[in-house]
Amino acid sequence: MADTPAHERIRVAVIGASGYTGGEVIRLLLEHPHVELAFLSAERAAGAAVGSVHPWLRNHPRTAGLTFRPLAELADTEPVDIAFGCLPTGTLPERLPLIAQHAKRVLNLGGDFRLRDTGDIRLHYPDTAAHPPQEDFAYYVPELSPAVPGGRFVNLPGCMAVTTIYALYPLFAQGEPLVTDRIVVDAKTGSTGGGRGSGEPPAERTGNFRVHKLHGHRHAPEIRQALADFTGTEVDLRFSTHSLDVARGIMVTAYSELRDGVTALDVKRAYAKAYVGRPFVRVRPAPKAPQDFPMLKAVVGSNVAEVALSVRDGQCVTVAALDNLIKGAAGQAVQAMNLISGFPEAAGLPTTAVSP
């Protein structure tokens, strides 16, 4: 990594830095040419070296001397340009006033400020309802939001939500929808989607494939809200989730029915048009064999989402896959930081997967 003059760098804090998502934000920012890691908070790991909590980071030269600190010490630190909120859902609202006083911008990766409907917020994010923010959070998907948010507070989408949004957006983005509004989605996620403190015994996950939530997942209203905002279409969504025996990765399969007069070529053109010039969303061209479709081995370790479709007899099946910790969380947040800060969009972000 080339050295960057200090005046070209921004100061960044990672709040909730001991979890999987916080660790990935740190890992990506260690390779970022325009970032100084100024403050890393973790209450239970306060005082610990970064490499002792995230052993996969301990051999990076920039982790030498980096330790976790209590969040309260942010008040005694020179203000940061951006704070990444990586706290478990429900814990940011009460801490937000302190963070907002000492950070010029807050990019939140948690779910607390994604929804606008008060009933959905009370149901899925009760702590947000009890501690509403003083300013609105802009909901931001780098590829789809019409403009870079100018406000101080930004919320990134949920990992299964954004995978589903990538899968469905082109069907509704061209004015007249290409499919009817009844959509069925089956989303599958790896174990890191539950966070570092999920408590699920490995013996119960290994070699298993099970239901996670068939009804009422909190990403469902987020998907409906985002599609309405980005396309103007209200969808009748059926959203179910399952747990995979993998550490990371999400695959979404969405089922819809073409409207009268819509052809397979119309759908293919819509996907090509929707993501042209978007470096981190790749539409798989004319997949035929199973390995041509999106799969976890093609995206895990990268900030790339793969999307593909198949149309037959008036039925449309769309598939999307991404790494839940990178494109679904930390990578998308760094991508947003790059765009907000005027850096190259791809700075510090990997585009190739890891295998085996």
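Q: Which residues are buried in helix α9?
A: This is a predicted model. In α9, which spans residues 264-274, the buried residues are V267, A270, Y271 and A274.

Q: How do they sit, seen down the axis of α9?
A: They fall within an arc of 95°, so they line one face of the helix.

Q: What covers the buried residues of α9?
A: The cover includes helix α6 (159-172). Strands β11, β12 and β13 are also part of it.

Q: OK, on to the sheet. In what order do the strands run?
A: The order is β8-β9-β7-β10-β13-β12-β11. That is 7 strands in an open sheet, with mixed pairing.

Q: Which are the edge strands?
A: β8 (210-213) and β11 (281-283). Each of them pairs on one side only.

Q: What does the twist average from one strand to the next?
A: 25°.

Q: How many bridges join β12 to β13?
A: There are 7. β12 covers residues 305-312, β13 covers residues 315-322, and the two run antiparallel.

Q: What stands opposite V311 there?
A: C316, in β13.

Q: Back to α6. At what angle do α6 and α11 pack?
A: About 100°, with the axes 9 Å apart. That makes α6 roughly perpendicular to α11. Helix α11 is residues 326-341.

Q: Which residues meet there?
A: From α6, C159, V162 and Y166. From α11, K327, G328 and Q332.

Q: Switching to T189. Where is it found?
A: In strand β7, residues 182-189.

Q: Is T189 buried or exposed?
A: T189 is buried: its relative accessible area is 7%, and the cut-off for buried is under 20%.

Q: What does T189 touch?
A: Leaving out residues up to four places away in sequence, T189 touches M160, R205, H242, S243, L244, G249 and I250.

Q: Last thing, confidence. What does the pLDDT average over the chain?
A: It averages 94, and 97% of the residues score at least 70.

Q: Where is the pLDDT below 50?
A: Over residues 1-7. Beyond near neighbours in sequence, that stretch has 9 contacts in the model.

Notes:
Residues are numbered from 1 along each chain as its sequence is written. This is a predicted model: local features need pLDDT of at least 70, side-chain atom pairs count only at pLDDT 80 or more; totals for chains, interfaces and linings use all residues. Side-chain values use heavy atoms; hydrogens and water are left out. Two strands pair if DSSP finds at least two bridges between them. Helices (H or I, at least four residues) and strands (E, at least two) are DSSP runs, numbered from the N terminus. Axes are lines fitted to C-alpha atoms, for helices over the stretch in contact, and angles run from 0 to 180 degrees between N-to-C directions. Buried means under 20% relative accessible area, exposed over 50%, partly exposed in between (1.4 Å probe, protein chains only). The arc is that of the directions from the helix axis to the C-beta atoms. Contact means heavy atoms within 4.5 Å. pLDDT is the predictor's confidence in each residue, from 0 to 100. Angles under 35 degrees count as roughly parallel, over 145 as roughly antiparallel, 65 to 115 as roughly perpendicular and the rest as oblique.
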